[in-house]
Amino acid sequence: MFIANWKMNGSQSMLSDWLEGVGKTLDKSLQKQCLLCPPVCFLSEASQLISKYKLNISLGAQNIDPSSFSPITGGIDGAMLRSIGSEFVIIGHSERRDIFKERDSLLLEKLKSASEDGLKVIFCIGESLKEKEENQTAKVLKQQLQIVKNAELNEFMIAYEPVWAIGSGTAANIDYINKVHREISDEVSSYQKEGFLGVSYGGSVDSSSSKDILLIKGVQGLLIGGASLQYQEFCNIVLSNN
Ligand code: PEP
């Protein structure tokens, strides 16, 4: 799966150019592997454009508010996301953990809500540079995965995103990704959850690094931030998978 995480970027014209461009560049079977996660205000229009251009691309939201918090000013719950075309939701991204101080108790509520509202989940985990340097990576990731172990989930993918690699311009090295993905896969497989879709890598992936990362056996997808904003670069990443 190729997940385009636009973060707080984009506009209506960019959305339409991007979808049209991806539609012309990738055939239907490659489109089927693509998940676009634009800012929530563009989801409805994205869904309409996908129908209009007869595309095979899925949509996801970048955040969800637990329905148990209702009513909350500014809140958007899973049923609302579903109603505007979202099939997936990203939960646990390091930027939200860091800036909005999203802790396990809140993330567990979000996982529960996503499941109740029939959304599939991209659950992000990753260690900080300090944790990596202190050889704490395996321990930290296992800890972050505990709420996945305890939650009832529909289909879900784990996105391994080393925090120090996100937005840095340099992806983690192949041996490191290989080792960590194996550890994550073993851990999540031991939970015996039927909906487990595998482990994606995210952190400064572009078309110069994607091919080698995709060759790693334990990598079942890529979560792409900055490099997903230009449709040509996003398509180059998808096309590097052969
Ligand atoms: C991200 O924010 O999830 C991400 C992977 O960003 P980038 O590709 O820009 O490092």
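How many bridges join strand β1 to β8, and do the two run parallel or antiparallel? I started my notebook with that one. This is a predicted model, so I kept in mind that I was looking at computed coordinates.

**Entry: strand β8 and its neighbours**

I found three bridges between β1 (residues 2-5) and β8, and the two strands run parallel. Within this pairing, I saw Ala4 standing opposite Ile224 of β8. Then I checked β7, which covers residues 196-202. β7 also pairs with β8 in the parallel sense, over three bridges. Here I noted Ser200 opposite Gly221 of β8.

**Entry: which way do the residues of β8 point?**

I went along β8, residues 221-224. Gly221 and Leu223 point one way, while Leu222 and Ile224 point the other way.

**Entry: around the ligand**

Next I listed what surrounds the ligand. Leu223 and Ile224 turned up again, along with Gly225 and Gly226. Others in the shell include Asn5, Lys7, His93, Glu161 and Ser204. Sorted by class, the shell has seven polar, three nonpolar and two charged residues.

**Entry: backbone contacts**

Which backbone atoms sit within reach of the ligand's oxygen atoms? A backbone N or O atom of Ser204 is 2.8 Å from a ligand oxygen. For Gly225, I got 2.9 Å between a polar backbone atom and an oxygen of the ligand. Gly226 also has a polar backbone atom 2.9 Å from a ligand oxygen. Last, I looked up the cover: on its own the ligand has 290 Å² of accessible area, and the protein covers 95% of that.

Notes: Residues are numbered from 1 along each chain as its sequence is written. This is a predicted model: local features need pLDDT of at least 70, side-chain atom pairs count only at pLDDT 80 or more; totals for chains, interfaces and linings use all residues. Side-chain values use heavy atoms; hydrogens and water are left out. A residue is near a molecule or strand if one of its heavy atoms lies within 4 Å of it. A polar contact is a pair of N or O atoms within 3.5 Å; within protein, one must be able to donate a hydrogen and the other to accept it, and residues adjacent in sequence count only if both atoms are side-chain atoms. Accessible areas come from the Shrake-Rupley method with a 1.4 Å probe; for residues, only the protein chains shown count as cover. Ala, Val, Leu, Ile, Met, Phe, Trp, Tyr, Cys and Pro count as nonpolar, Asp, Glu, Lys and Arg as charged, and the others, Gly among them, as polar. Buried means under 20% relative accessible area, exposed over 50%, partly exposed in between (1.4 Å probe, protein chains only). Helices (H or I, at least four residues) and strands (E, at least two) are DSSP runs, numbered from the N terminus. Two strands pair if DSSP finds at least two bridges between them.
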